[in-house]
Amino acid sequence: MKRIVLYIALIACGICHAQEIPQISLTYDELSSDSFNDGTLTLKEGEENTTYNIKIRRRGAISQSYDKPSYAIKLVNELGDKLNASLLGMRDDNYWILDAMAPDKARMRNRVSMDLWLAFSHRPWYNDLEPKCINGYNGRFVEIYVNNTCQGIYCLSERVDRKQLKLKKYSEKQGIRGALYNTITWAGTASFKAPQTTPDNQNSTWDAWELKYPDIKDEEPITWQPLYDLLTFVNESDPETFSDEIENRIDLPVYIDYILFCQLISARDNTAKNVYLSFYDINNEKALFTPWDLDHSWGRQYNGSIEATTTILFEGNNLTDRLYTDFPDFENIVNTRWAELRETYFNIEYIDNIFAQYFTLFSENNADMTEKEIWNNHNSLSINISDEQEYIHNWTIERLQFLDRLYNYISEQEPTKVTSHHLNNNPGNKIIDNGQLLIIKDGIRFDLRGRRIPDGQ
């Protein structure tokens, strides 16, 4: 079979000036969706080259229907056993994801969303015990070349797993400690509906859920009990018991942040499907929520179509419904948290700057034009990343205005919509001034709303 060589060029996230792009060369003889196949990975940073043996496969479910493939990569040693390494400044690990972001017209929604989540969300309840836990994942943008032919923008990412969340490990002496589950369908229990069946501890899937840890593939014993108990409690506890005990059953500050985060970005896919739920120690039974796979966001649905700015999420979710009904003053708690976030991380300038950093990186490296040249009109999706910046900005303004009304927040300043005149994608017109990304046009400074900034400010 024809040997395939992939070259990956790194675009380091969060840096708003042109830079040398490191390269990764991947080689393999065969690519499968069902199994990992042998290959090599060579990482070139500056003058240094590091080569790893790897296992590689095509990854994803719905994403496999797109022409632009995503990849899963495992680093292995010469004997084929797993090998941990830090790639591009991220965690030391053997398993890596190359996300194609095929349905995302901006090629950055997932990364921007996770950057925002990691910046504002409450730390997990066990943070004092595990200060290095990350309730999410880091990622770096890359460009891929297949046989010296560019395949466009990808994001090299960490995974959500036991190691990332610092869950307690299974051991023969102590038995099962940490547990990690994720939803894989839109079935009833994904929205915390009452279980209709009893889970079987011999199977790694049950109802809408898949068990990710402990690992049945490694012949570790597994348990569905903490998840089953939580679902049963949400559906069967009386109002007084629910009110008294729910804060011991879930990490409530994180879950409130999760609700508001999904509402902000209109991540419908993440209200039932695409949810991680974990237990640091099943002897404690307090559940933590973690978002992932956030392409359905910021005004686009899972297939790239337009998302309304007036969508209200979590309706029909039994956990959220019961919190509003039975937890004292929950509506006021949520509204207060929304107001707090609107003054900080949910501010349009803050959001614009996260996006602008990546739009600038893409334009400075011509990655946005390359993506359009390669993938425009594939799978009936038109790709114009520079136009998408204006769309996201204006959609977000309307979304914020709608949610301000929903959460009874009165903004002191009305955000301004922009046109492509304000969001000029000429990289020479963008600068960083005191940590703020600004636009320079005809010698005049503008913020990302297109408002002129007086000299001296």
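Analyst: Contact here means that heavy atoms lie within 4.5 Å. The model is predicted, so to speak of a local feature takes a pLDDT of at least 70 and a side-chain atom pair counts only at pLDDT 80 or more, while totals for chains, interfaces and linings use all residues. Residues are numbered from 1 along each chain as its sequence is written, and side-chain values use heavy atoms, with hydrogens and water left out.

Start with Gln 263, which has its place in helix 5. Helices (H or I, at least four residues) and strands (E, at least two) are DSSP runs, numbered from the N terminus. Gln 263 has a relative accessibility of 3% and counts as buried; buried means under 20% relative accessible area, exposed over 50%, and partly exposed in between, with a 1.4 Å probe and protein chains only. Neighbours within four places in sequence aside, Gln 263 is in contact with Thr 311, Ile 312, Leu 313, Arg 399, Leu 403, Leu 406 and Tyr 407.

For the protein as a whole, 54% of the 457 residues are buried. The secondary structure comes to 10 helices and 18 strands. Of the contacts with a separation of 6 or more, 66% are between residues 24 or more positions apart.

The largest nonpolar core has 95 residues, and Trp 298 and Leu 319 touch the most other members. Helix 5 (residues 252-265) gives the most to this core, with 11 residues. A nonpolar core is a set of buried Ala, Val, Leu, Ile, Met, Phe, Trp, Tyr and Cys residues joined through side-chain atoms within 4.5 Å. Residues up to four places away in sequence not counted, Leu 319 touches Ser 191, Phe 192, Val 234, Phe 242, Ile 246, Ile 250, Tyr 255 and Phe 289. Another core, of 22 residues, lies apart from it; Tyr 28, Leu 41, Leu 75 and Tyr 154 are among its members.

Next, the aromatic rings. A search of the whole structure finds 30 aromatic pairs. In one of them, Trp 338 and Phe 346 have ring centres 5.4 Å apart and planes at 65°, so the pair is edge-to-face. Rings of Phe, Tyr and Trp (its six-membered ring) pair if their centres lie within 6.5 Å; planes under 30 degrees apart count as stacked, over 60 as edge-to-face and the rest as tilted. Trp 338 and Phe 346 are both buried. Ring pairs also place these two in a cluster with Trp 117, Phe 120, Phe 192, Tyr 255, Tyr 258, Phe 261, Phe 289, Phe 314 and Tyr 407.

Then the charges. The structure holds 19 salt bridges, a salt bridge being a side-chain nitrogen of Lys or Arg within 4 Å of a carboxyl oxygen of Asp or Glu. Asp 161 forms one with Arg 91, with the closest N and O atoms 2.6 Å apart. Asp 161 lies in the loop between strand 10 (149-157) and helix 2 (162-165), and Arg 91 in the loop between strand 6 (85-86) and strand 7 (92-93), so the pair ties together parts 70 residues apart in sequence. Both ends are buried: Asp 161 has a relative accessible area of 10% and Arg 91 one of 13%.

Asp 281 and Arg 177 also meet in a salt bridge, at 2.6 Å from N to O. Asp 281 is in the loop between strand 14 (275-279) and strand 15, and Arg 177 in the loop between helix 2 and strand 11 (179-183), so this pair ties together parts 104 residues apart in sequence. Asp 281 counts as buried at 11% relative accessibility, and Arg 177 is buried at a relative accessible area of 12%.

Between Arg 300 and Glu 388 the salt bridge is 2.9 Å, N to O. Arg 300 sits in the loop between strand 15 and helix 6 (318-326) and Glu 388 in helix 10 (residues 385-406), a link between distant parts of the chain, 88 residues apart. Arg 300 counts as buried at 11% relative accessibility, as does Glu 388 at 4%. Salt bridges that share partners join Arg 91, Asp 93, Arg 159, Asp 161 and Lys 163 into one network.

The charged end of Arg 300 sits over the ring of Tyr 391, 4.3 Å from its centre, and that of Arg 159 over the ring of Tyr 95, 3.8 Å from its centre. A charge sits over a ring if NZ of Lys or CZ of Arg is within 6 Å of the ring centre and within 35 degrees of the ring normal.
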